[in-house]
Each structure stands twice: as C-alpha cells, then as structure tokens.
Amino acid sequence: MVYYAIKRVLLLIPILIAVSIIVFLLLDLAPGNIIDMMQIENLTQDEYQELLRQYNLDKPVIVRYGLYMFNLLQGDLGKSDYTGLDVWQLYTSRFPNTLLLAVSSLIFGSVVGIPLGIFAAKRAGTLADNAVTFITLVGMSIPGFWLALLLMLQFSLKWQWLPAGGTEGFRSLIMPTICSGFVLMAGTTRQTRSSMLEQLNADYLRTARAKGVPEKAVIRKHALGNAWIPILTTIGGALSFSIGGSAIMEAVFTWRGVGSLAVDAVINRDFTMTMGCTIMTTTMFVLIQLMVDLLYALADPRIKSAYARPKIKRRSAA
Amino acid sequence: MKKIRILIAVLVTLASLFALVACNKDEDKPSPSGESPSTSASSSESPASQSPSTPASPNITEDNEAPSALPVEEEGVVFADHIDYMIGDNVGLINPHHPAGDGSSHNNTCRMIYDTLYYNNPDGSSVPMLATKYETDDYQTWTFYLRNDVYFHNGDKFTAKDVIFTWQHALESVGSIASSNWDYIVEAKEIDEYTVEFKTATPYGNLLFNIGISVSGILNERAIAEDDVAGYYVGTGAFILDDFSPGDYLHFTRNDNYWGDLPPTKTQKWTLVSEASARTIMLQNGSAQLGGVSEADLSLFRDDDNFRINTVLSNNSVSLMFNLDDDLCGDLNFRMAVAHALKTDEIAIFAMGSLGISVDNATIWGYEVPYMNTNLPKVGHDLAKAKEYLDASVYGGETVEFTIMSGNDNMAAAVQDQLAAAGITISINPMDVPSFMVYTSAVENHAQMFSWFAMFSQNPVDTYRVNFYPEANNNRMRYNNPIITEMIDQSASILGEDAQREHYYKMQEIVSAERPCIPMYWMPGAMVYRANLGGFITSASAHYDFRYMYLTVE
Amino acid sequence: MSSRNRKEQLITKKYRKRSRFGEIFHSIKKNKGAMVGLVILCIIVLTFFASLFISFSAMTATSAANISRPPSREFLFGTDNLGRNLFLRVVYGARYSIAIGFGCTLISLAGGVLIGAISGFYGGLVDNIIMRIADVVSSVPGMLFTMVIMTAFGQSLGNMVFAMGVTSIPLYIRITRASVLTVRGNEFVEASKAIGFSSFRIIYTEVIPNGMAPIIITVTTGIGMTIMAAAGLSFIGFGVPPPSPEWGGLVSSGRALLRTAPWISGFPGLAIMLVVLAFNMLGDGLRDALDPKLKR
C-alpha cells in the first residue's frame, strides 16, 4: 500500500510538467499580453518595446517557459507580472479561505446529505422520498449566484443577521457554505440514497434481519458500511474541485479565495500568477484523489489487495 | 397518485422560491417615462479612472468643497473616527511609477498619501500645495519655491532633492502614469534646498495641471531604496497607508504630523466589494457609509432621506469608432450613414439607465473640457439622411463586424438593432481586454467598427493628441490628417483665451466633419453616501479627494 | 376454444419477450419520476421547434418605451432592460442551451467512450498511458481551459461547445473504463473470445451495451451540468456573444436588476432549472430501469 502511495505521489511530477506546459502554451496563444491589459495611454512604440523587454515578453515562449521552470525548480513561484507581488505569499494568504469554504461545504454537504439520503432510501417510493429527490434536484439546478443573492437579500438586508460579504468571523461563513455546499449536498443525498437502496435489498441483509439484528444496526453497520465507496467518490470529487476555488462564489460574497486569483490572472495575461495557481491547484487535486483512493483501500479490503505489490500479475479492479 | 405527489412537490418548491423572490423585490418601481433601471455597463471598462462630477439630474446633490476647507465647526458636532468606503475596482499595487499603477482607487490613494507641488481644483484652477509659489516668464523655464515645514511619513524632511528624484524616477519608469505627466519637463535643477527649476521642451502653459495631478505626488528616495514595494507608500500626505492587502482593502490612518489642515476622520478603510448588489446591501445595512452603486439600484436610494447620491460624469465618452484603414469604414458616406442611424439617447438609457447622458453635441470633445465648440451642425438620428448616405456609400449589404469588450452587451445590442432599421447588418464580436487591445491596436487594427473610449483629458492641449495624433496609442481609428497633426503640435504654444478658443474650435470643426468616431454617451458613475457624510470632492479631472471626508455623529 | 386462445394471448402478452430497449422503455414507463422528466423534455423539444418560428429581428427588437416591464398579457415574461420581449428570447434561447448540452455531451461521448473502452479492454501499458493522460487533462482547470480557448479562438458557440466537451472527456473515459473492466470479467466475454470473435466485435456488441448504464446516467446528469457551466461562463463574461439569448447569459444579464426586475433572471433561470431537472429525473429513471439489482 505504501508502495502504491509513493508511486502515485511520484507520478505527480510528470503530471505537473505536462499540465504546466499545456497551460503556459494556451495562455501564450491568447491574444494580447500584460502590457495591453494595462491600457497605458500615450505609449510610444519605443516605450512598448522597452516594456516588452522588461517583462521578458520579447523572448520566444520556450525560453520564457524555461525561465519559469528554472525558477520553479529552485522553489520560487515568482512574482506576479502584473503587481510585482510574490505569488506564493499572495496564494497562501488567500488559500486558507478557500480551504475553509471547501471543508465547511463538505461538512455541510455530508452532515445534511448522508442522513437525508438514508432517510429517503428507507422510505423509497413514498412521498417523502419523492420530495427529497425533488428538492435535491432543484438544489442542483439553481444557478449558484442566484441563490446567493436571494440569501443575501433575506439574511443580510431583511433580517440583518448575516454580513453581506467578507471573510471575517463565523457568521460570514454561513451563506457561502450553504450556497457552495448545496450542490454537494444534493449530490451526496442522491448518491447515498442510491447506494443504500442497492444495499438494503441485498441478500446478506436478509440474513442479518433474520438473525434478529435490530434495524438501526442493520442500516448503520452493514448497509452503510458497504455503501461507503460511491459516497466517498462523490465527496472526494467535490472536494478536489472546490479546492481550486470558485470565482463566482468569491465575487458574490467577497470571499477572498484563490478562485478569483486564477481568473484574474488569465484575464491579465499574468503568466506567473496563472502558472502558480495551476500548479498549486493541480497538486492538491492529485493529492486529494490519492487520499480518496487510499481511503477506498481502507474501506474495502478487496481494493486494498489490488493496490498491493503484485507478486503475480493480476487484473486490477475497476 | 405518485405523479400528483411529485407535482405537488414541484409547486411547493416553486412557490417558496417565488415567495423568497417576491419578498425581496423592492417596491421601487421606475417611472415609465424612460427613467428606468437598466443593467449598468460595468465601470471596470473605464480605462483610466472614473471622472468628474457634474449634476446630471436635478435631484442629485453635489459636494464640491475647496481642498483644505474643513467642515464648519459647530457646537456639539462630533465626527466619527472611522469611515468605511466600498470600492469596486481591484487595486493590486500602489505605485504611480509602475506601468500597472493606474485606476480610480489607485489614483485616489495617491491623493491621500502623497502631496503634489500644486493642487488641481475641480474647476481647473490650481492652488499651492508643497510649493508656495512659482515664477515663469516664458512658460518654458519655471521656478518653484517649496515649503520648508514638511516631513515624510518616515520622518525625512522634504526638500528639493525629493522633487528632482521624483521627476527623474518618473522619467525612468517606462509606461507609468507618472512619467506621462512628468515628462513634459525635460530638465530639472535644484537651485537651493527649497527651490527647483524646471525646463519644458517648448513653452507649455498647462504645466501646473500636470504636476498637480495626484499621481505626480512626491516620493521618498530612501524609503523606495529600502523596500521597492512598500517604499512607494511613503509620502508627505494627510493620510498614511498603514495596511494594504492587494485585491482586498486599503486602510489609512491620519497623519497627525501633517503640515496642512488635519483631516476630521482618524481612519478610513476602503474595501473592495466587486459585486454591485453586495455594495448596495452593505450601504443599506450600515456596513459602509459610502460606495459606488450600480445604476439599477439607484432607485432604491433616491427617495431615501438617509442617503444622498453623487453622480460623476467622465470627460471620456463611450464612442463607436471606425477603423479608417478598412475599405468600408474608410468611406465617409458609410460613417455618416451610421451616425444618422443611431439614436444615442436611447443607447445611453439602455447602457446606463437613468445615469445615461447621451452626447448630443455635434462636436467630438470632452464633457467638461474648456473650449467646446457648440456651433457645429448636429449629427443626430435621421433615418432618411442615413439611407441617403448609405446609398451613396460602398456598402453592399454585407455584415459588418462590431468589436466590443465583454460587458458592453447592452450597448452593442442596441446599436445592432438601430443599425438594422437603417439597413445595416452588423455582427457583435466581444473580446476580453487584452485581446481587444491587440485586435484594435493603433499600430495594426484588424477591426472594422469597434466601441472604445474617446479619451478627453481636462487639459485641452492633450485632448486631441490622445485620440487623433498619428500613431498615438489611443488613435485606434488610424486617423491621420496632417492639418490636425500640425494643429495639435502647435496647441501647447498657443497662449491667450481667444487664440486658444479659435484654435480648438477650428480643430473640432475639421474632425467633426470627418466623423472618425461617434461619441454615444458619457461614462457615468454614481456614489451613494449617508446623509451625514460629507467633505469629499469628485472632480472633473477623474481624481477624487477623500482626505477631508467626515461623518457627523449626533 | 376462443377462451383458451384468449388466455394464451393474455399470458403471452404478459410474458412476451421484449427487446432490450423495449424492456428499458417499459421500466421507465413504470417510474413516475422518469416520466415527468420525459414529459418536460418533450416540452423542451417542442420549444426548440417553436423557436424556429421566431425571427431574429423579433427577439432583438429593442424598445426604449418598454424597459423592464413586469410580466403582462402583452409580454408574457415581461421585458428586459433593453425593452426586448423576454418570452421570445427565452424560447429562442432554447436552441443554444440544447446545442451546448447536446453538443458538449456528444463530443465527450464520442471521445470518451471509445478511448475508455479501449483502455479498459486492453489494459496494461495502453491503459496506464491513457489514464495518465486523462489525469493530466482533468488536472487542467476546466474553466481556465475554456476561458483560454474562448480568448484565443474567439467567443463563439462552437468554441464554447468544443472547449467544454474536451474538458469532460476524461470523465467519460473513466466511467467507460470502469464499466468495461467490470464487464470484461464476465463469462459471455470469455465465451465470445473462445468462439473467436475479434476484439472490436466483442467491444461493440457485448461490452459497451452492457456497460451502458453508468454512461447513460452520467450523460443525463452531464447535460444539466454543462448548461449550468455555460451559465457560469456568461457570468464572468466569457459566454456566447450577444445578442444570443443563451439562458445562462440571460440570467447573468439580470444580475444587477435582481431586486428591481427579478423576472429578467427569473424566467431564464427557471428554464435552466427545468431542463436540468428533466434530465436528472430521466437519468434517475434510466438508472433504476437499467440496474438489475433494483428489478422488482
């Protein structure tokens, strides 16, 4: 298992290299550069060339990529082309906010979603089940910023209970969590419901019930224990996506996260910043996927054996 | 039975959604006479800064006070220690000597933390600031006498050396907004500790304006040498920038050792809230006392006695520009056809709502720039004339490409619809800022028609240079008329009001007849503030002054 | 005799063998949720055809006198801030959302299923390489990728569909591969191999049809998600160029007016919700229908 984990972590390096090349080339492909973005009036051609030189933009893209990687390999993410601020500092000053939001959405989504899913599964086919299904589907379909604005109007203005933005204090976390976590909650509920349904009808549970195991234990220990994996996939997937931050949520709630950093960087044609964000996001994405896969192994011994160093070549499970 | 249950669930959820929306819909309904809310084009499209304040509607107030005038001290009037101001533009750095150092809030910050040699009043006059007086015989050699009681935020004493340093550093910083203002001065000399002498290349009457702008603030060499980021925050100004989180907020504390009148407010915090609706909510629930508000939400504040509105209009106009190198757009008949097909007052309302003020003069000039020629014939909506010009033109029914920056959808859709009525078909081509700049570049413009800003500085000398000088960065129209070029070159040396008036009137007449661009509406912005707040200045030259802002507390 | 025939007929009818698709359709009919989804979908398809009757000029006609009018008999959905008839625009906009939803999914399906099937079936080095490439592609932030494509190649519907389709391919690769791996071990595949069917034929006739279920579910969910993603792109300014009334663009255009004219965002938002809902419910129904463990 450890061997497997190390192998995956090492794989991170070629992935990062590939991703960085793709993103760098793509950004270079986009017309315009950072100097155009600055919209400087009265810029003569000579001054324009001089600025190009200052920002290394007169060099071919391979050279610029090389320069960037050279710095990166020394552990330096560089300074933002646009503002001159240190990329690492800027990123780390904002990342805790994104992480906080991601984790709290996760908690919100799971804590509400899983019990709701179990509830619906137990009452499959009834009005309650249909209502839950419907509400979750609606929740997945509402445009995020719409819900965000509606909540803000109700809670920040009408009732003046929650702040309309900012990242200070526990209160400002509530609305962004609900908005970001809603989709996750809906997905988790559906996933839980469907896996629980599969389990609840399984034969081995019939045995357990026949043995006289109380229903609650049947659900908790047996059914849920086997239903874990798809639920874990959903949650893990959602976490790895939200770790990149959501520019929309951040704009609406003035939540200082890394999502808007990345979007602004692309608009500004700020190579260093874009690369910095991409590399950090990719790294965390891959690490989270790895964590989820390792958790699979913990949950299911069949998978664990598949990860073990193969003494005989076997077909790996899905 | 199940089908019905699902339907009930559908209805219940929809009903609760409606309830949520309905309860929060504000009762303010616009009057149908055309003063209706519209989506405001994002003012992030504004190239340099938001601009001057001029009352556009009768019910909008204006606060215009002299820079150092403190609010009237009355019995029992207490000022709040702190004011929260919500800004909408993203400030990434504070450095007027950096090419990226520009923008509304950036320049307003410069005014807070730096002092300039002279200070520009909204009406165009200049009053002494760091300099006590100046002398010049020929508008080419200038001598400035400086104050001797000024200290920087880091304790250093202000001397002539700092002025020379600022000038030199500005000239070295390619592309910065400071350099574009300081580079009129080609030579600077320190006469003694508190006297400097400047020489301009040619006689230049408007030097005071250029050195009085907020971004021409005097910097401290030692601070910059120690820290090439935070060193730029050190100035001699009335406020100290003691906490700056890029893209987040700026926090100012009063400089208690200030040489001039002490500001009434101890601390100010300018926070970035990019979502306009959030700013509105924050104003309404008291988290902020001042902020830019989207046009659509203005109606919420108009009838509220707790708030006042200050409208600012820019000298810049959003204009429909033609690429004169293009076969179709280079045809004057086509351009005139377009000009007569547009209903600029409607475009103004669609784009800016009740804040929309269309450009209705026939001339191409700045809103508040002196010497506007009002004698020229109007080029307004006239479908008959439009069709006449169109028939005379080389237009053969093809689709013309209209390039815009993303976010100006409303204006573009209105233009498309109006031109269709005249028989001109256009397609809308949105691009993000850098792509747009490259596509419509002054050096090689690939667009046909595009919308951009005709930028008019408060300084008439620069006004046509920026837009119509060949190879000028903002001359995306590829306009090249040798007569105009020569007149622009002469502008700086023309002295005397009558001579200037004749000169600029003539220029406007020539350019207007050629219609290289069609100004549509002025760039507006609205600031909403608490009724007990006052003391800030919104001026014609796009640089505001928040130093003497106060909030009275009962 | 006739009563016996009658009985025979009844029995035969009940146990009549249906084709696979017939079975699926029958299960869906029984699932009420899926039926509702199907009905909504039919409405949407009808809307699409209705939109063909709306002229371009009718839905772009601005009117300064009718700015932001609430819904009335004349304007079913009210008007937007340019005085345009919102109802016409929403109906017309069905084209774009459907194009985006179906177009992206088609691209992802075409690329993803084929590559995924190959990857899962052949295994080994081929599988490894493909999966690593899929990892790389999914690590590139989707929104970033789409933004850059739109910037580099111009903002158009086609580019948006292409970019979003490409970013979803890894997902379909993964799902197909997982299905294929599961099915691969089954006896009938061994049997087919023993008979001597070519690999291609096996993939085509046995593996893909049996592994369809998760793919179908992902497709139906995916269509909804794609439409939402397009709305998100319009929000940050990278949507379909104006005056195209793509639903997401309509919702974000009403953003500033949410308090004074909520119907501008409201109706398009409702339309998006309905489409996403329909596809999700249909997807649920399909999954229930296709899942052997749930057969009752």
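Guide: Start with a rule: rings of Phe, Tyr and Trp pair if their centres lie within 6.5 Å. In this predicted model, B:Tyr85, B:Phe239, B:Phe252, B:Trp270, B:Tyr529, B:Phe536, B:Tyr544 and B:Phe546 form one aromatic cluster. Over all chains, the rule gives 42 aromatic pairs.

Visitor: Why is the pair B:Phe79 and B:Tyr550 called tilted?

Guide: Planes under 30 degrees apart count as stacked, over 60 as edge-to-face and the rest as tilted. Here the planes sit at 50 degrees, with the ring centres 5.5 Å apart, so the pair is tilted. B:Phe79 belongs to strand β1 and B:Tyr550 to strand β19 of chain B, 471 residues apart.

Visitor: How do you know whether B:Tyr550 is buried or exposed?

Guide: Buried means under 20% relative accessible area. B:Tyr550 has 15%, so this residue is buried. B:Phe79, with 19%, counts as buried too.

Visitor: Let's switch to the chains. How many residues of chain C are in contact with chain A?

Guide: 47 residues of chain C, meeting 46 residues of chain A. About 4000 Å² is buried between these chains, and carbon and sulfur atoms give 76% of that. The count of salt bridges between them is zero.

Note on methods. Residues are numbered from 1 along each chain as its sequence is written. Chains are lettered from A and ligands numbered from 1 in the order in which they are written. This is a predicted model: local features need pLDDT of at least 70, side-chain atom pairs count only at pLDDT 80 or more; totals for chains, interfaces and linings use all residues. Side-chain values use heavy atoms; hydrogens and water are left out. Contact means heavy atoms within 4.5 Å. Buried area is the accessible area (1.4 Å probe) that two parts lose on being put together, summed over both. A salt bridge is a side-chain nitrogen of Lys or Arg within 4 Å of a carboxyl oxygen of Asp or Glu. Rings of Phe, Tyr and Trp (its six-membered ring) pair if their centres lie within 6.5 Å; planes under 30 degrees apart count as stacked, over 60 as edge-to-face and the rest as tilted. Helices (H or I, at least four residues) and strands (E, at least two) are DSSP runs, numbered from the N terminus. Buried means under 20% relative accessible area, exposed over 50%, partly exposed in between (1.4 Å probe, protein chains only).
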